[in-house]
Amino acid sequence: MLPPRPGRAAAVALAFVALLYVLELTDQLFFQMGPTTPGSVHGLDVNGIQPREVEGLDGIIWAPLLHYGWEHLMANTLPLLVLGWLCMAGGIRRFVAVTAVVWLVGGLGTWLVAGESTTHLGASGIAFGWLMFLLVRGFFTGSVAQILVAVVLVVYWGGMLWGVLPGQQGVSWQAHLFGAVGGVLAAWLVTRSDRPHRAGSARSGDLPGRLGS
């Protein structure tokens, strides 16, 4: 339910968010210079996802690491820290695997369906994926404790879920939607991979009982 090594998990979450701040600072200091036009994309931000453009495919890798300024990044900071920390309940290796699924599914889905002549970036798609992973894993595993965590998350961050719907200007609902899809897929894959281990543990636990009766 919670990370087995909470200090280490916190350090990983902080390191990831710190990387985002370093990249934004680098962008602001060295790449956002010179005159710009309103609404234009410049600096490191040009490396975001450009839908259905071959040269925009590498944005799937870079987009979650980039943000449209400090306000955009600060809005994502708390969800990334808290949700990322909670996602490490299964260990760092599983967290990396879950994040990779969310990252790729969210990016590829955005690249396929988002509007023409747009550039999508920001880590909110990752946050949505982590949120959905945490919300549905308890139902997949039947864990009461994990379901209770999901209830708390819905109470506190349930408003985030509206971000998967179109309507907010300047917000990439496609990244939110497909990040969430990636989170559900990651939860299903994790549950499926855990079944043989749980079955093996159950059989091992039964064996001494049979011998002792």
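The patch covers about 610 Å² and is built from Leu-25, Leu-29, Phe-30, Phe-31, Trp-70 and Met-74. H1 and H3 are the elements that put two or more residues into it. The areas themselves come from Shrake-Rupley with a 1.4 Å probe, and for residues only the protein chains shown count as cover.

Before I go on, a word on what you're looking at. This is a predicted model, numbered from 1 along each chain as its sequence is written. Local features need pLDDT of at least 70 and side-chain atom pairs count only at pLDDT 80 or more, though totals for chains, interfaces and linings use all residues, and side-chain values use heavy atoms, with hydrogens and water left out.

Leu-25 lies in helix H1, and at 41% relative accessibility it counts as partly exposed. The cut-offs I'm using are under 20% relative accessible area for buried, over 50% for exposed, and partly exposed in between, with a 1.4 Å probe and protein chains only. Leu-25 and Trp-70 sit 45 residues apart in sequence, but their C-alpha atoms are 8.7 Å apart in space.

Now look at Leu-73, in helix H3. Leu-73 is buried, at 0% relative accessible area. What does Leu-73 touch, leaving aside its neighbours within four places in sequence? The contacts, meaning heavy atoms within 4.5 Å, are with Leu-20, Tyr-21, Glu-24 and His-67. Between Leu-73 and Tyr-21 there are 52 residues of separation along the chain, and 7.7 Å from C-alpha to C-alpha.

Okay, the inside. The largest nonpolar core has 38 residues, and Leu-80, Leu-83, Trp-130, Phe-133 and Leu-153 are those with the most contacts inside it. By core I mean a set of buried Ala, Val, Leu, Ile, Met, Phe, Trp, Tyr and Cys residues joined through side-chain atoms within 4.5 Å. At least two residues each come from H1 (6-31), H3 (70-86), H4 (92-113), H5 (124-141), H6 (144-157) and H7 (173-212). H5 gives the most to this core, with ten residues. There's also a second, separate core of seven residues, and among them are Leu-44, Ile-60, Ala-63 and Trp-111.

Take Phe-133 for a moment. Once you set aside its neighbours within four places in sequence, Phe-133 is in contact with Cys-87, Val-98, Gly-183, Ala-186, Ala-187 and Val-190.

Next, charges. How many salt bridges does a search of the whole structure find? One, where a salt bridge is a side-chain nitrogen of Lys or Arg within 4 Å of a carboxyl oxygen of Asp or Glu. Arg-52 pairs with Glu-116, and the closest N and O atoms are 3.2 Å apart. Arg-52 is in the loop between H1 and helix H2 (59-62) and Glu-116 is in the loop between H4 and H5, so the pair ties together parts 64 residues apart in sequence. Arg-52 counts as partly exposed, at 34% relative accessibility.

The backbone of Arg-52 is worth a look too: its phi is near 60°, a positive value in a residue other than glycine. Ser-117 also has a positive phi, near 55°, and isn't glycine either. Ser-117 lies in the loop between H4 and H5 and counts as exposed at 81% relative accessibility.

Stepping back to the whole protein: seven helices, zero strands. Of the 213 residues, 42% count as buried. Take the contacts between residues at least 6 apart in sequence, and 78% of them join residues at least 24 apart. The accessible surface comes to about 11600 Å², with 69% of that belonging to carbon and sulfur atoms.

Last thing, confidence. pLDDT is the predictor's confidence in each residue, from 0 to 100. The protein averages 85, and 85% of the residues score at least 70. Over residues 201-213, though, pLDDT stays under 50, and the model has zero contacts beyond four places in sequence for that stretch.

Notes: Helix = DSSP H or I, 4+ residues; strand = E, 2+ residues; numbered from the N terminus. Patch = residues over 30% accessible without salt bridge, like charges linked within 9 Å, V, L, I, M, F, W, Y side chains within 5 Å.
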